[in-house]
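This briefing is for a reader new to the structure below. Look it over, then read the points that follow.

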Amino acid sequence: MTAEATAAEPTPAGGGGPDDRPMKGFLRRFVEGDLGELRVIIVLAVIWAIFQSQEDRFLSATNLTNLLLQITAIGLVSVGVVLVLLLGEIDLSVGAVSGLCAAVMAVLSVKHGWSPYLAIAAAVAVGTAIGMFHGSVFTQFGVPSFVVTLAGLLAWQGAQLEVLGTTGTINMTDPEITGLTSTFYDGATGWAIAIVGFAVYAAVSLLTWRRKVAAGLRTQPLSTLAIRLVLAAAAIVAAVAVLNDDRGVPLAALILVGFVILFQFVTTKTTFGRHIYAVGGNDEAARRAGIKVKRIRIVVFAIASSMAAVGGIMAASRLLAVNQSSGAGDFLLLAIAGPVIAGTSLFGGRGSVWTALLGALVIGSISNGMDLLALESSVKFMVTGAVLLVAVVIDALARRRRQATGRV
Amino acid sequence: MNDGAPVLTLEEVSKSFGPVQALQDVDFEVRPGEVVALVGDNGAGKSTLVKAIAGIHSIDGGRIAFEGRPVKVSTPTDAVNLGIATVYQDLALCDNLDVVENLFLGREERSVGLATITRQLDETSMERQAHELLDNLAVTITDVRSEVGTMSGGQRQQVAIARSLLGEPKVVLLDEPTAALGVRQTAQVLALIKRLRDKGHGVVVISHNLSNVFEVADRIVVLRLGRVAAVYDAKETTHEEVVGAITGASDPSTGELGPAVDEVMGAARRRDQPGEQPDGEPRERETGGTA
């Protein structure tokens with residue numbers, strides 16, 4: 001009787017009292033959102049502490065600079081992979097595409113004497129075209145992206161061998177191309193970059209905060225914002241100080257961070273990025289909301305392959321050559337494992353571009369540290385595999401917890 | 001209850017899928033400030049009718065008029081542009097997005113000025129409008145920046161309904177809005193439907209739950225085997241009569257299609273005396289709801 005009375009006489013205010021659990025919602029967000037990235041940073045700190053205790057060269061300025069150079073290529077490829085993962089899809093061809101595009105650049109630059117800029121642009125364009133092809137086959141024929149890009153993995157590897165020709169290896173000597181990974185900004189230049197970077201970040205944060213306050217919306221307290229800015233400043237100062245202690249701020253790291261910031265902006269601040277998350281969360285809802293789902297998917301696959309090309313170019317620059325094994329081996333798997341380790345969900349709709357950088361740091365640190373300890377690559381593979389497995393299990397557990405509480 | 005001219009009129013609308021006649025000569029109308037309940041057994045054509053109005057299925061025959069003008073509704077965009085909003089049973093919300101993001105999905109607002117170049121979203125404006133919209137509908141959501149996936153079914157349904165109102169539609173179609181909701185949440189959603197009516201929207205509700213239908217509906221349209229079997233004024237009919245029309249039991253020509261058509265509109269308004277129903281429950285709710 002009482003239940004029926006409730007049903008028949010809805011509260012005029014719309015009720016909702018017991019349904020709203022602001023504290024619980026906040027905690028859940030903290031655990032699965034903010035703490036998610038904090039968790040990776042803690043993992044990274046633990047890894048660094050372990051290696052430092054075994055080998056005191058690990059945290060030296062030289063080694064940390066090397067670490068940054070080592071992760072550039074894979075981090076750039078991961079940026080594109082994150083976007084694909086956000087859609088709930090996967091791109092298994094990024095390794096092969098990075099190798100093929102690097103080969104295209106090498107052939108055009110070395111054998112045909114193209115200017116390095118044109119050769120790089122052509123290589124990226126080839127990547128974009130390949131990605132659009134993957135996306136079109138995936139969306140037009142409904143073939144799972146897994147299969148389309150698996151076919152791509154095989155086919156583009158073949159194309160890479162074809163492009164490289166009989167020699168199989170092309171050495172890169174062009175100073176513009178090799179300079180991508182051997183240019184450093186030391187001393188005052190390094191600090192100037194740091195100051196400009198922080199100033200932009202602080203200005204954007206404060207302006208956003210002020211606009212929200214002006215509109216009377218709920219915001220974080222100014223003290224939280226201040227703490228965040230101080231932490232960011234401290235991180236930037238520490239990084240530049242360490243890097244300046246060696247050769248300076250590497251151009252390669254700036255390129256990586258630049259792309260991460262660019263796509264972080266695209267995914268979180270633009271309509272296109274919002275639609276990527278929507279398609280990854282519920283593609284039917286996105287379609288009904290009038291979003292051109294196919295176009296979003298094709299563009300994302302095009303970006304993924306373009307970023308694979310950029311990563312391949314950086315790898316070629318660092319290796320000073322493109323050969324038949326460029327982009328092969330564990331390159332692809334590590335590029336996908338990185339973001340997943342750092343918290344981007346394989347199920348789509350959850351994650352961020354930052355995880356490309358964080359994941360590459362985690363994977364790169366393990367690899368770098370084990371090299372320093374002169375461990376066998378057998379151990380290296382097994383440890384990396386174990387870290388990936390743990391990360392995916394955490395992702396699956398988080399998903400199950402969300403489902404248990406009615407979130408999908 | 002409402003004497004305004006119909007905002008949406010369907011005349012002799014037919015739709016078939018191959019050999020299956022899903023809708024046949026259906027007449028249907030909605031007035032501003034009126035809740036029309038569409039009831040019928042599974043396969044009676046309720047969803048097909050709603051999808052025809054929403055532009056998902058184009059009709060084979062018949063006419064659709066919107067605000068008196070004959071119109072063609074062949075795509076969902078046509079329907080939305082006319083001012084027909086649809087809230088589907090499976091809500092079509094993205095659980096990984098927050099309330100503001102869901103409300104503005106597909107019609108995001110961009111910042112002006114320098115940010116136009118970067119096609120940046122105007123989050124501040126969208127969040128402010130979200131607050132206004134939800135306050136206006138008396139929907140209580142503590143944090144519009146919390147993920148929709150964290151919310152109860154009732155809140156999600158209210159967000160879905162609120163979203164359909166952003167384009168200021170004249171007609172709102174709700175497909176099973178209270179299915180799978182608890183008692184309290186159902187009450188919230190029904191209250192919201194009444195507020196839509198009070199704001200002058202024409203509301204069409206599909207529901208299996210006759211108690212809910214009697215609580216909110218002004219008119220009840222019964223579909224059976226793709227035809228309009230009966231139309232009742234909600235205040236002048238009974239639970240049993242509607243059930244009878246749904247199952248065909250009250251129809252003298254049970255199983256036959258022909259005569260049911262004659263029952264359309266006014267002809268079907270019977271004046272059965274209330275008070276003879278054995279369970280009594282729906283009658284009680286009806287009075288409770290309209291009081």
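Among contacts in chain B between residues at least 6 apart in sequence, what percentage join residues at least 24 apart? The share is 69%, with a contact meaning that C-beta atoms placed from the backbone lie within 7 Å. This is a predicted model, in which local features need pLDDT of at least 70, side-chain atom pairs count only at pLDDT 80 or more, and totals for chains, interfaces and linings use all residues. Residues are numbered from 1 along each chain as its sequence is written, while chains are lettered from A and ligands numbered from 1 in the order in which they are written.

**Chain B**
- Chain B has nine helices and 10 strands (DSSP runs numbered from the N terminus: helices are H or I of at least four residues, strands E of at least two).
- Of its 291 residues, 51% count as buried (20 or more other C-beta atoms within 10 Å of the residue's own, all placed from the backbone).

**Strands 9 and 10 of chain B**
- Strand 9 (residues 219–224) pairs with strand 10 in the antiparallel sense over six bridges (pairing takes at least two DSSP bridges).
- Val222(B) has Ala230(B) in strand 10 as its bridge partner.
- The two strands form a hairpin with two residues between them, and Leu225(B) in the turn has a positive phi of about 50°.
- Strand 10 (residues 227–233) is largely enclosed by the rest of the structure, because six of its seven residues are buried.

**Helices 4 and 6 of chain A**
- Helix 4 (residues 94–111) and helix 6 (residues 145–164) of chain A pack at an angle of about 20°, with their axes 8 Å apart (axes are lines fitted to C-alpha atoms over the stretch in contact, and angles run from 0 to 180 degrees between N-to-C directions).
- That angle makes helix 4 of chain A roughly parallel to helix 6 of chain A (under 35 degrees).
- Residues meeting there include Leu100(A) in helix 4 and Trp156(A) in helix 6.

Key
Angles under 35 degrees count as roughly parallel, over 145 as roughly antiparallel, 65 to 115 as roughly perpendicular and the rest as oblique. Two residues are in contact if their C-beta atoms, placed from the backbone, lie within 7 Å. A residue is buried if 20 or more other C-beta atoms lie within 10 Å of its own, exposed if 12 or fewer, and partly exposed in between; C-beta atoms are placed from the backbone.
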